[in-house]
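Okay, thanks everyone, I'll keep this short. Let me put the structure up and then walk you through a few spots in it.

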Amino acid sequence: MREIKKSFWDFVVLSGSTVLVIPLMLVSEVIQARYLGVTNYGKVTLFYSAISLLFLVSISWLRMSLVRFGKEEMISEGHLRKSTSSYFILAFFSMAIGLVPFYLFREWILNFLEVKHPNALLIIVVGVCIQILKTYVLETLKAIRLIKLQTLLERLGIKLVIAFAVLFPVVFAFDWISVEYLIGVFLIADLSIVLVGLFFVKRKYIVPIQINWQQLRLILLFSIPLFFGAWSSYVVSYIDTYTINYYLTMEDVGIYSAAYKIFLTLKNFVGGITAISIPLIIALKTEGKQEIMSKYIKRIVPQGTFFAFLLVTIIIVGADAIFALVYGNEFAPSVVPFKILSSTLTFTMLSSLITGFFFAFDMTKTISILGVFWGVFNVVADLILVRYFNIIGPAIASFFIFSLGPVVLLIIISRKFEIKRYLSLFYGGLTVFVLVVNLLPIDYWMRMVLSIAIVVFAVLFSRQFNLFRKDDIEMFNNVSLPNAVRRILVKILSIMSIR
């Protein structure tokens with residue numbers, strides 16, 4: 001199967017692009033934070049949340065339909081004409097509906113977000129239209145198996161444009177860095193991705209347009225549950241910022257945004273595994289590969305969370321140095337929220353590896369119900385905790401959402417496939433221990449020694465309970481691997497496994 005064969009190189013591009021993105025992001029964030037200051041840094045976050053609000057109504061709930069139905073249409077018919085027409089009909093129709101309440105309550109919404117620009121509503125609408133096109137291009141690239149290109153554009157391309165646009169006025173001493181300038185840069189970066197991505201989508205895949213009302217109906221029924229999930233996703237993403245803005249100050253919004261922005265970049269990296277896992281699982285389901293799917297849950301999922309645990313440990317231990325380098329002392333209060341948020345990345349890896357099963361088996365209603373529950377929980381927790389713990393309160397609330405959610409998803413999928421293997425949760429628990437150690441008021445080097453001790457324990461435990469086995473290499477028989485990489489895998493498995 002082509003999805004399995006090419007999965008290694010997709011992962012290489014995914015990881016490699018992220019390695020390149022991180023320094024670009026750091027440079028960009030350093031300039032933004034130091035030139036804008038804490039208050040204006042928070043304003044940029046709030047303005048972009050307004051674009052996300054309208055985007056939520058018009059398109060985010062339709063995104064997965066392109067992967068789900070577009071992939072099947074591509075496999076069976078060799079084009080995306082029906083999926084394309086259905087997507088744009090539903091997207092622009094729903095945006096038109098969403099504009100009505102947004103326009104009627106525009107003054108209240110913009111005042112709450114402290115957006116003062118006279119053309120704010122027009123900029124928001126333009127931003128949403130660009131988001132509709134960008135989502136279509138990126139998800140279409142997944143469906144037509146150009147995952148490496150999609151990854152490069154989404155991860156590296158956007159950050160490259162932003163970094164260049166932010167560096168340019170600094171290098172040439174132009175006094176351009178402002179809230180308005182950065183919003184414009186973000187929109188231009190998204191538009192550039194649309195133009196480049198469309199160049200690689202063959203014309204025959206989308207034209208002549210075929211309007212198929214049966215396909216449109218199926219996509220609508222598939223996507224409606226995701227609408228409620230999309231709302232909860234928006235709440236989880238921005239309720240922290242809104243709560244801090246309401247109860248505390250714009251300066252606190254900027255401090256929390258600094259922590260959340262770097263966390264979100266890392267979360268998108270880990271969550272980016274879905275670009276590989278979702279198409280792979282959909283293809284396995286379409287071709288009836290039940291045994292491979294079961295083995296994937298038993299072997300690949302725990303191994304993925306183990307490596308995520310190692311990565312997250314490094315991030316948490318190095319968080320103090322990261323923030324001192326990127327933001328300076330002005331943003332020092334961001335460190336603790338960042339550590340709390342980052343500790344959920346092991347659970348994010350778990351979620352990224354298994355989410356594809358919910359879309360492949362049309363279990364979107366389950367995701368939506370859970371999403372609504374977690375959204376309500378997040379609102380209530382934020383309102384309570386922010387009063388007692390200031391900006392740390394929303395981070396704690398997000399910790400519960402981002403960690404408990406994937407646990408529930410794993411339990412549901414394990415029961416569906418009648419698999420009793422919850423080793424992945426062990427590594428999530430160890431990540432929490434690493435977090436607690438690194439929040440203790442003790443010497444930094446002592447925290448590092450204790451963190452290393454937890455990692456050593458994890459490795460020994462993994463060997464004892466057969467996280468890795470020598471015959472695991474058989475899972476990669478159908479994957480296109482360079483000989484050197486295959487030899488390294490064999491060596492790692494022989495070291496990490498007992499049998």
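Predicted model: local features only at pLDDT ≥ 70, side-chain atom pairs only at ≥ 80, totals over all residues.

Residues are numbered from 1 along each chain as its sequence is written, and side-chain values use heavy atoms, with hydrogens and water left out.

So, how many salt bridges does the structure hold? Five, and by salt bridge I mean a side-chain nitrogen of Lys or Arg within 4 Å of a carboxyl oxygen of Asp or Glu.

Take Lys82 and Glu77, whose side chains pair up at 2.8 Å, N to O. Lys82 is buried at 14% relative accessible area, and Glu77 is partly exposed at 39%. For those words, buried is under 20% relative accessible area, exposed is over 50%, and partly exposed is in between, with a 1.4 Å probe and protein chains only.

Next up, Glu139 and Lys142 form a salt bridge at 3.3 Å, N to O. Both sit in helix H5 (residues 120-143), three residues apart, so about one turn of the helix. Helices here are DSSP runs of H or I, at least four residues, and strands are E runs of at least two, numbered from the N terminus. Glu139 and Lys142 are both buried, too.

Now for Asp320 and Lys339, with a salt bridge at 3.0 Å, N to O. That one links distant parts of the chain: Asp320 is in helix H13 (residues 319-326) and Lys339 is in helix H14 (residues 335-342), 19 residues apart. Asp320 is partly exposed at 30%, whereas Lys339 is buried at 4%. Arg447 joins these two in a network of salt bridges.

On to the glycine. Gly98 lies in helix H3 (residues 81-104) and is buried, at 7% relative accessibility.

Last, the core. A nonpolar core is a set of buried Ala, Val, Leu, Ile, Met, Phe, Trp, Tyr and Cys residues joined through side-chain atoms within 4.5 Å. Which residues touch the most other members of the largest one? Out of its 118 residues, they are Phe309, Phe323, Phe338 and Phe357. Helix H10 (residues 250-271) gives this core its largest share, 11 residues.

Look at Phe357: beyond its neighbours within four places in sequence, its contacts (heavy atoms within 4.5 Å) include Ile281, Met293, Tyr296 and Phe417.
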